[in-house]
Structures are given as structure tokens and as C-alpha cells.
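Student: I am new to this protein. Please show it to me, and then walk me through how to read it.

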Amino acid sequence: MATKQRGRPRSFDRDTALEKALRQFWEHGYEATTVSDLTREMGIGAPSLYAAFGDKRTLFEEVLVRYVGSYGAFGGHALAEEPTARAAMERVLREAAAVFTEPGHPHGCMVIHAATNCTTPEIEQTLRAQRNANVETFAARIQRGVDAGELPGGADAGHLARYMGAVFQGLSQQSRDGATRADLNAVVDLAMRAWPTA
């Protein structure tokens, strides 16, 4: 037996609205983005936002999953597809330089920028955990390179991953400050000179 749907049917495209929310958080950060900003950008009223997405924090958590699986997915692909740790990490940084400066969306990394001036402990912790998970993923890929003899046996995968993470985060901020893709690639050139050789 079919059941009737309660209330009015949704009058907006949820996927489109979610993308608009993503761009709002990416451009302005979590704390600076208000519910009024979101409803205006998404083209919906506050009751529709709450009904479809829950509160601002719940919406942001859904946006974060969407970002990591789309705009932010390049890093995982590079780490999985490249044959050596060095090639993987260089590709991560080169693709970051491209994505962070690409026209058509805010510059930089949303996971990094959304944390700026964040005073909501749960969001701050979520973003910190995501950034730390990225560094841990870098470390695991680098350690496989050490184990395979691509790097000197004494190379510290954790320290090298932390360095690569710092470069990655710096590329994000530099892109928001107006650095071009060429500017960022010059930084990557310098960063890769620090890579230890076997």
C-alpha cells in the first residue's frame, strides 16, 4: 500500500542547493557564513534549509563529505595511482596548485580555509581530524616508499609527510592571496628539492 508524502513536495533541487552551500562555506569559511547567507545563496527559506539539511553544522558536515569526494579527491587518486612515493607526493602538490587556482570556484582548499577563525569546537575538531588524516595518508604512502627502498632507510616518513602537509596548506593560503598556478608550481619545485634520495 502506497503512503502519501506529508507536506509540500520540495521545490528546489537538493544537489544544486548543496553545491551552492559548499561554495559559500569554501569562500567565506564556516564561522563567517550565516544561515541568512546560505538561504540567500541557495535560493531557499530557512524552514526549507532546516527540513532538508538540518542545522548549519549538519549542512556543513554534508558539504565537507561532498568536497572531499569531488574537488578534494585528487590527492587520493595521486597517492593510489603513482608508482613511487615521490611521484605521488609531487602529483598531489602539482594538482593542488592547479585546483587551488582554477577559475569557477573559490581558491584554495575548503578544509583549510573553512577553519579560519572557527570557534565552533565540533567543526574545528572535524576539520583538524580531516587535515591530520591527510598527513597520515601521506605518511603511509611515504613509508611504503621507504620500505621499497625508494628513500634512504633512515628517512622519517612522519616528518616528511608533515613537511608535505605544510607545503600543501601553504599552497592553499598563497592561492587565496593571489598566487598563480605558475607561482605555486615554483614553490613545488623548491619543495621537491628537499625530497631525500636513496
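## Reading the model

Tutor: Start with one residue. Apart from neighbours within four places in sequence, valine 188 is in contact (heavy atoms within 4.5 Å) with Glu90, Leu93, Arg94 and Leu171. Valine 188 is found in helix H10.

Student: What kind of model is this, and how are residues numbered?

Tutor: This is a predicted model, with residues numbered from 1 along each chain as its sequence is written. Local features need pLDDT of at least 70, side-chain atom pairs count only at pLDDT 80 or more, totals for chains, interfaces and linings use all residues, and side-chain values use heavy atoms, with hydrogens and water left out.

Student: What is the average pLDDT of the protein?

Tutor: pLDDT is the predictor's confidence in each residue, from 0 to 100. The protein averages 93, and 94% of the residues score at least 70. Residues 1-5 are below 50, and this stretch has zero contacts in the model beyond near neighbours in sequence. Where pLDDT is low, the predicted coordinates should not be read in detail.

Student: How many helices and strands does the protein have?

Tutor: Helices (H or I, at least four residues) and strands (E, at least two) are DSSP runs, numbered from the N terminus. Here there are 10 helices and zero strands. The C-alpha trace spans about 65 × 45 × 30 Å along its principal axes. Now take contacts between residues at least 6 apart in sequence: 70% of them join residues at least 24 apart.

Student: Is valine 188 buried or exposed?

Tutor: Buried means under 20%, exposed over 50%, and partly exposed in between (1.4 Å probe, protein chains only). Valine 188 has 0% relative accessibility, so valine 188 counts as buried. Across the protein, buried residues make up 42% of the 198 residues.

Student: Is arginine 144 buried or partly exposed?

Tutor: Arginine 144 has a relative accessible area of 46%, so it is partly exposed. Arginine 144 lies in helix H8. From arginine 144 to valine 111 is 33 residues in sequence and 26 Å in space, C-alpha to C-alpha.

Student: Which residues are buried in helix H2?

Tutor: Helix H2 covers residues 35-42, and Asp37, Leu38, Thr39 and Met42 are buried there. Their cover includes helix H1 (14-28), helix H3 (46-53) and helix H4 (56-69). After H2 comes glycine 43, with a positive phi near 75 degrees.

Student: Which residue other than glycine has a positive phi?

Tutor: Asparagine 117 is a case, with phi near 55 degrees. Asparagine 117 sits in the loop between helix H7 (110-113) and H8. Its relative accessible area is 66%, so asparagine 117 is exposed.

Student: How are two packed helices described?

Tutor: Two packed helices are described by the angle between their axes and the distance between the axes. Axes are lines fitted to C-alpha atoms, for helices over the stretch in contact, and angles run from 0 to 180 degrees between N-to-C directions. Under 35 degrees counts as roughly parallel, over 145 as roughly antiparallel, 65 to 115 as roughly perpendicular and the rest as oblique.

Student: At what angle do helix H6 and helix H8 pack?

Tutor: Helix H6 (residues 85-101) and helix H8 (residues 121-147) pack at about 150 degrees, with axes 8 Å apart. H6 is therefore roughly antiparallel to H8. Ala85, Ala88, Met89 and Val92 of H6 meet Phe138, Arg141, Ile142 and Gly145 of H8.

Student: Which classes do the residues of that contact of H6 with H8 fall into?

Tutor: Ala, Val, Leu, Ile, Met, Phe, Trp, Tyr, Cys and Pro count as nonpolar, Asp, Glu, Lys and Arg as charged, and the others, Gly among them, as polar. The contact of H6 with H8 has six nonpolar, one polar and one charged residues.

Student: At roughly what angle do helix H9 and helix H10 cross?

Tutor: The axes of helix H9 (residues 157-176) and helix H10 (residues 181-192) come within 10 Å and cross at roughly 165 degrees. H9 and H10 are therefore roughly antiparallel to each other. Tyr163, Met164, Val167, Leu171, Gln174 and Ser175 of H9 make the contact with Leu184, Val187, Val188, Ala191 and Met192 of H10. Nine of these residues are nonpolar, two are polar and none is charged.
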